[in-house]
Amino acid sequence: MTTQPLIGLEVHAQLLTASKMFCGCPTEFGAPPNTQVCPICTAQPGALPVPNQRAVEMTILTGLALHCDIAPRSVFARKNYFYPDLTKNYQISQYEQPLCENGYVLIDTESGPKRIRVRRVHLEEDTGKNIHGGAGAASRIDFNRCGLPLMEIVSEPDLTSADECRAYLQKLQLILRWIGVCNGNMEEGSMRCEPTVNVIEVGGSAKTALVEIKNLASFRAVHQAVDYEILRHTRALLAGESTTRETRRWLAEGRTETMRSKEEAHDYRYFPEPDLMPLEVDEAMVTRIGADMPEGPDEVRERLIEQYELSSYDATVMTQSREFAAFFEAAAGAAEDPKAVANWMQGDFARLLNETGTPLAESKVSPAGLADLVRLIADGAISGKMAKTVFERMFETGKAPALIVDEEGMSQISDTSALEPVIDKAIADNPEAVENYRSGKKKALGALVGQIMKETKGQANPALVNELLVQRLGE
Amino acid sequence: MIPVSVTRDDVAHVARLARLAMSEQELDQMHGYFEAILEHFAKLAAVDTEGVEPTSHPLARANVTREDCVTEPMDRTKLLANAPLADGECFLVPQIMEDE
Ligand SMILES: [Zn+2]
């Protein structure tokens, strides 16, 4: 029997609004418990919700970025259930008429680009947070998160491996950050993911029961949990074992366990939210919101390949964020060698940003500074090795590279007459190396170059030193 | 379409979803009430709705939204004052079982 895993991903993304979904409470992460609450989000009697216009617009923008149809009319619905983190005993969500439907996300796979269909994007509110494990037999409830605006982005089961799931999530995260609607932070829970997994028989009718996985707080956890479930389902299918439709929880020890079976699953009794009017989105509104759409990561990537002759790999790295791509373009436009700019950005620059935990936007290195550095190397004013030191100083101080070279006396010696005495001395000091070289051991040249670089404190132009040495020893 | 009849099991199911404990006697009584209510609403079926769009709201308005502006949150002491149990920071509830 040939088997095929089918995975769908349900992603919750918190929108970057200043206030909550239905009230004016602030949305900052990490405030002291129950300090970002009001009568509306704590469901005091008589309080009425009013939707946040910005949240609606951000969801429509997301729908456009995911190639969705935007519904001309959509309604909010009540999802009814009882849980202590839910103040109203229902969550305001969307059910039958979501804002966006029928889109897709393009992911890169080993066999080329693949289109993952997006079934719907709807708008809803978040719940509060339970803090378990307090003193005694009580749970503590913090409602700061209650009422934060969330988008629920539901894919079709078009994903067939853990790798594809990760690629889809990374791409979705990139897009949401790119258009500025979500910070995509999985650890803080501003982007959450619940995969739905089952395995079917190819060309047959056998299949396992659908399972939903919860408690995944990182891309890594999603990857591991999906892999684990694919294996579990495949084994069950091959062994002909029966499976049950259920929700499973991912455990840190690397396995899943049953959380609840679908038979006892909630019956949410959705109905239209009578406290809220429908949303009507006309062409003019879609056009107005669409005008804010930046050139997307896929388009920029293609353009970088074409315009700057970058490799596909380099172009992907340069479009890891909108800021990164903008920095690259600004630097590449000022330098003659875009490829060198790309190398610096994914090499020393990325390393230093990473090591110091500095966001690109706060870095002291400017695109013009990086372009200047690339030009100094191309002109032979400094060696590649010196450039590394210069770049580190630029990163620390934000000074222009030419100034650093001057201040630290690091300019490269590319003057033949200045190098000749040093070369003479090296030849005189190392008769053995000279002998070896002349008898065919070309590697012996290294010892001579080493001494010359040492004598010049690394400032000799290595290519020129090599050239002059070979010339002299060949005489 | 509104179902004209409701079973006693339906009533028990809804009671469980609403976290209401009901005795056998109460279930029987509720079952009777449910049937009477649904029978009453079934009269709506007599209305000719041919060509009428389903509505989600009695008012003919749409897009009632607000600007994304932050307002002053509520005082925490006031908020927690009405709670049966609180520790000055959080509401306290009986320990929540792992199963959601
Ligand atoms: Zn509030």
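Predicted model: local features only at pLDDT ≥ 70, side-chain atom pairs only at ≥ 80, totals over all residues.

Visitor: How do you know which atoms count as donors of the zinc ion?

Guide: The cut-off for a donor N, O or S atom is within 2.8 Å of the metal. The SG atoms of A:Cys23, A:Cys25, A:Cys38 and A:Cys41 sit at 2.3 Å from the zinc ion, so they count as its donors.

Visitor: Why is the site of the zinc ion called tetrahedral?

Guide: Four donors get that label if all angles lie between 85 and 135 degrees. Here the angles among the four donor atoms run from 101 to 115 degrees, so the zinc site is tetrahedral.

Visitor: What makes A:Cys23 and A:Cys38 a pair that ties parts together?

Guide: Both sit in the loop between strand E1 (3-14) and helix H1 (53-65) of chain A, so the pair links parts that are 15 residues apart in sequence.

Visitor: On to the second largest pocket. How do you know where it lies relative to the domains?

Guide: Chain A is divided into domain 1 (3-285), domain 2 (296-407) and domain 3 (416-473). Domain 1 and domain 2 both give residues to the lining of the second largest pocket, so the pocket lies between them. Its space is about 780 Å³, and 25 residues line it, with A:Asp108, A:Ala167, A:Gln170, A:Lys171 and A:Thr316 the closest to its centre.

Visitor: Which helix gives the most to that lining?

Guide: H2(A), with nine residues. By class, the lining has six nonpolar, nine polar and 10 charged residues.

Visitor: What makes the phi of A:Glu309 worth a remark?

Guide: A:Glu309 has a positive phi of about 55 degrees although it is not a glycine. You'll find A:Glu309 in the loop between H5 and H6 of chain A. A:Asn102, in strand E6 of chain A, also has a positive phi, near 55 degrees.

Visitor: And how do you know whether A:Glu309 is buried or exposed?

Guide: Exposed means over 50% relative accessible area. A:Glu309 comes out at 70%, so it counts as exposed.

Definitions and conventions:
Residues numbered from 1 in each chain as written. Chains lettered and ligands numbered in written order. Heavy atoms only, no water. Donors = N, O, S within 2.8 Å, 3.2 Å for Na, K, Ca; no water. Tetrahedral: all angles 85-135°; square planar, octahedral: opposite > 155°, others 65-115°. Helix = DSSP H or I, 4+ residues; strand = E, 2+ residues; numbered from the N terminus. 1 Å grid on protein atoms, 1.4 Å probe; cavity = no way out; pocket = protein on both sides within 12 Å on 5 of 7 lines; lining within 4 Å. Points joined across faces, edges and corners; volume = space filled by probe spheres on them. Nonpolar A, V, L, I, M, F, W, Y, C, P; charged D, E, K, R; others polar. Domains from an automatic or database assignment. Buried < 20%, exposed > 50% of the residue type's maximum accessible area, 1.4 Å probe, protein only.
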